Amino acid sequence: MVERILFLVFAVLAVAGGLGTITRKNVVHALILLVFTFINIAAIFFLTQAYFLAVVQILVYAGAIMVLFVFVVMFLNLRTFQEQEQTHRGQRWVALALSVLVLAEFVIILAGITFTSAKGGFTPEAVAAAGGSTRVFSDALFNQMLLPFEVASVILLAAMVGAIILVKKEKSADVGTRAWEPGAEPSAESAEEEV
Amino acid sequence: MGATPADMPIPVDWYLYLSAALFVVGAAGVLVRRNLFIILFSIELMMNAVNINLVGFSRFHENLVGQNFVLFTMAVAAAEAAVGLAIATTLFRNRQTLMVDLFDRMKG
């Protein structure tokens with residue numbers, strides 16, 4: 001019973017934070033409300049006994065990714081956009097109506113479904129007996145999911161390289177053209193200048 | 001409320017309703033707002049809604065694959081945030097704005 005009350009509290013706070021995120025004019029305020037939402041979602045993970053994921057949610061999402069966002073928001077100085085119109089003039093009411101319609105569809109469909117558990121065997125008691133949720137989680141990750149795990153590291157590497165290439169300063173001498181074409185080897189001196 | 005295992009304190013439906021609500025909030029943010037950053041935040045919100053679904057069903061079906069999948073979702077979200085922010089930085093550098101309806105140079 002306590003779990004249900006806590007779940008409801010965290011769920012309401014998470015949705016409220018989400019609504020605040022999409023309604024704030026100030027990007028930094030929206031970002032802080034988004035972090036608030038993520039922390040509430042981490043609390044829901046705790047309630048679900050997904051302890052490792054709850055910690056990762058706080059460390060990676062509310063920590064690393066949001067710090068990246070804060071850094072770029074501060075870096076770009078977006079204060080000037082607060083005076084501009086924040087929503088699409090032509091489509092905002094249609095978009096809101098469609099969103100409410102989709103939510104109604106979700107609720108109607110979910111109200112008509114009864115789920116039956118597949119009983120995979122990893123009950124909290126079994127997990128605790130096998131050495132705790134993090135140990136069981138990592139066992140599953142590095143046995144069944146090893147190949148996807150390695151692929152995820154490649155995705156992160158590609159994203160890192162892509163981000164660096166995208167934000168790399170163009171050579172100031174000829175702004176219109178790239179310092180080197182994609183696919184061509186950068187010359188040694190241009191590589192030195194870009195560092 | 002749907003059927004739940006005897007030891008699951010929170011019905012799985014609750015996770016699904018919460019997830020649907022967060023997802024719709026994120027979708028509304030993408031559709032309504034003009035600011036590229038708010039659109040990126042809304043996409044993160046939708047990804048988190050999916051994560052709630054996965055964790056809830058992982059608990060419900062007593063299977064850890066759902067939780068493992070959340071880790072991959074987070075990796076993809078991190079990659080998406082990095083590339084999205086890089087694109088935003090480049091756009092801002094070239095056009096001095098981040099209002100997405102102004103980026104219509106490729107309109108036919």
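A residue is called buried if 20 or more other C-beta atoms lie within 10 Å of its own, exposed if 12 or fewer do, and partly exposed in between, with C-beta atoms placed from the backbone. By this rule Ser138(A) is partly exposed, because 15 other C-beta atoms lie within 10 Å. The structure is a predicted model, in which local features need pLDDT of at least 70, side-chain atom pairs count only at pLDDT 80 or more, and totals for chains, interfaces and linings use all residues. Residues are numbered from 1 along each chain as its sequence is written, and chains are lettered from A and ligands numbered from 1 in the order in which they are written.

The model scores ipTM 0.90 and pTM 0.84. For chain B the mean pLDDT (the predictor's confidence in each residue, from 0 to 100) is 87, and 94% of the residues of chain B reach 70 or more. Within chain B, H1(B) has the highest confidence, at 93, and H3(B) the lowest, at a mean of 90.

Chain A contains eight helices and zero strands; helices (H or I, at least four residues) and strands (E, at least two) are DSSP runs, numbered from the N terminus. Of the 195 residues in chain A, 21% are buried. The domain assignment, which comes from an automatic or database source, gives chain A domain 1 (1–79) and domain 2 (129–169). The centres of these two domains, taken over C-alpha atoms, are separated by 22 Å. Ser138(A) belongs to helix H6 (residues 133–143) of chain A.

Helix H4(A) has 20 residues and should span 28 Å at 1.5 Å a residue, which agrees with the 28 Å between its end C-alpha atoms. The expected span is 1.5 Å times one less than the number of residues. The number of buried residues in H4(A) is one, so this helix lies largely in the open.

The largest nonpolar core has 69 residues. Such a core is a set of buried Ala, Val, Leu, Ile, Met, Phe, Trp, Tyr and Cys residues joined through C-beta atoms within 7 Å. Helices of chain A and of chain B give two or more residues to this core, among them helix H7 (146–167) of chain A and helix H3 (65–95) of chain B. H2(B) gives the most, with 15 residues. Ile44(A) is one of the residues with the most contacts inside the core. Apart from neighbours within four places in sequence, Ile44(A) is in contact (C-beta atoms, placed from the backbone, within 7 Å) with Phe7(A), Phe10(A), Ala11(A) and Ile52(B).

The contact between the chains takes 78 residues from chain A and 67 residues from chain B. The side of chain A that touches chain B has 54 nonpolar, 19 polar and five charged residues. Here Ala, Val, Leu, Ile, Met, Phe, Trp, Tyr, Cys and Pro count as nonpolar, Asp, Glu, Lys and Arg as charged, and the others, Gly among them, as polar.

Two loop residues have a positive phi without being glycine. Gln49(A), with phi of about 65 degrees, lies in the loop between H2 and H3 of chain A. Glu62(B), with phi near 55 degrees, lies in the loop between H2 and H3 of chain B. Gln49(A) is buried because 20 other C-beta atoms lie within 10 Å, whereas Glu62(B), with 19, is partly exposed.

Technical notes
Contact = placed C-beta atoms within 7 Å.
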